[in-house]
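Morning, everyone. I have one structure to walk through today. Please keep the sequence and the model open while I talk.

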Amino acid sequence: MKLFHIVAVATFSIAAAGAGHAQEKVLNLYSARHYQTDEALYANFTKQTGIKINRIEAGENELLERLKNEGANSPADVFITVDAARLAKADELKLFAPIQSKILEERIPAHLRTKDWFAFSTRARVIVYNKASVKAENVQNYEDLADPKLKGKICVRSGSHPYNLSLGASVLERLGEQKTEEWAKGIVANLARAPKGGDTDQIRSAAAGECGVAIANSYYVARLMRSEKAEDKKVMEAVAVVWPNQKTSGAHINISGGGVLKHAPNKEAAVKFLEYLVSDQAQIYFADGNNEWPVVKGVKTQNSALASLGSFKAEAMNVSALAKNQAVVQKIYDRAGWK
Ligand code: FE
């Protein structure tokens, strides 16, 4: 259970802003990102534009609930979160205002934006395996995870989690409904244990030998790689990382992103903020803050773990495909028993 941790100062400021400090330029940001490094990202925006950021941080579901309840009276200008599944949810609730911005169009590749929301960094969903108990050749593709060869070997978090729904959405887009269901059933049949915990827990379990294969987002791998803790170093010594589907569709890519809210009182500042997020400097902050990759071409991260993970073939699927397939995938997972 994630606590609703409001940035205390921000709550006061948002209330005050609503009470008529019209001359002060502000941006009210609802964020489901909680990374230390984002502080510098926000401070730099204020320095560049003079626009003060009032930020409310909470879990995605809490923020969506809050936005729904606030309705037309919401002080929020921008909503940012991670995973296309969650942005799709916000979009379904019709929370976003469509934005036209030359800068966003030019800087963000077409497949990483919709008219309502935009990606600012990318992550890959990768396969991690225990080098002692699993052969690399058996875990090269997402499809391999359904192969009976891996019976009793797979550790993965809940099928209802956005990360797995988006992965399924990508499989569905490529292979169709029937094959996706067979795939999901194959994974369930191969589970080492009932799904529990987050991606890092799966990697740890694979390293400990509780299972042989874990599915995890790339930044969790990078985080463990950068860790100074002896136990984490041991974990990373026991496992290897696979970029899946390198000979076919490429690794499934998801995003972190956001959009301008329909009832934004400070729409101009909101667009400015999104445009700022695709500036070179912000891209580095934004992506490195969570060990992700920038969406803007040519911007280099300064991240040793990402550098040592190297380059790979990424799936160039449109994020709106990931969004539209969510509901069908959830039904498929339910039928397959991926709890
Ligand atoms: Fe995550």
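**Pockets, iron and a covered strand**

Let me start with the second largest pocket, which has a volume of about 590 Å³. This is a predicted model, so please hear every value as computed. Which residues sit closest to the centre of that pocket? They are Thr122, Trp293, Pro294, Val296 and Phe312, out of 22 residues that line the second largest pocket. Two elements, strand S9 (293-294) and helix H13 (304-309), each supply at least two residues of this lining. By class, the lining of the second largest pocket divides into 13 nonpolar, 6 polar and 3 charged residues.

Now the largest pocket. Its volume is about 840 Å³. The lining of the largest pocket has 32 residues. Nearest the centre lie Glu60, Asn61, Arg86, His161 and Pro162. Several helices give two or more residues to this lining, among them H3 (60-70), H6 (162-175) and H9 (218-226). H8 (199-208) and H15 (326-336) are also in that group. Which helix gives the most? That is H4, with 5 residues. The lining of the largest pocket has 13 nonpolar, 8 polar and 11 charged residues.

Next, the iron ion. Its protein donors are three tyrosine OH atoms, from Tyr163, Tyr219 and Tyr220, lying 2.0 Å from the ion. Along the sequence, the donor residues are spaced Y-x55-Y-Y. Look at Tyr163 and Tyr220 as a pair. Tyr163 is in helix H6 and Tyr220 is in helix H9, 57 residues apart, so to speak two distant parts of the chain linked. Are these two tyrosines buried or exposed? The cut-off for buried is under 20% relative accessible area. Tyr163 has 5% relative accessibility, so Tyr163 counts as buried. Tyr220 has a relative accessible area of 13%, so Tyr220 is buried too.

On to strand S3, residues 78-82. How many of its residues are buried? The count is 5 of 5, and S3 is mostly covered. That cover is on both faces. Val78, Ile80 and Val82 are buried on one side, and Phe79 and Thr81 are buried on the other.

What pairs with S3? Strand S1, residues 26-31, runs parallel to S3 and is joined to it by 3 bridges. There, Tyr30 stands opposite Phe79 of S3. Strand S8, residues 253-260, pairs with S3 in the antiparallel sense, over 5 bridges.

One last stop: Leu150. Find Leu150 in the loop between strand S4 (118-130) and strand S5 (154-155). Now find Ile187. Leu150 and Ile187 are 37 residues apart along the chain, and their C-alpha atoms are separated by 8.8 Å.

The iron ion has Tyr163, Tyr219 and Tyr220 as its protein donors. Thanks, and over to you.

How values were computed:
Residues numbered from 1 in each chain as written. Predicted model: local features only at pLDDT ≥ 70, side-chain atom pairs only at ≥ 80, totals over all residues. Heavy atoms only, no water. 1 Å grid on protein atoms, 1.4 Å probe; cavity = no way out; pocket = protein on both sides within 12 Å on 5 of 7 lines; lining within 4 Å. Points joined across faces, edges and corners; volume = space filled by probe spheres on them. Helix = DSSP H or I, 4+ residues; strand = E, 2+ residues; numbered from the N terminus. Nonpolar A, V, L, I, M, F, W, Y, C, P; charged D, E, K, R; others polar. Donors = N, O, S within 2.8 Å, 3.2 Å for Na, K, Ca; no water. Buried < 20%, exposed > 50% of the residue type's maximum accessible area, 1.4 Å probe, protein only. Pairing = 2+ DSSP bridges.
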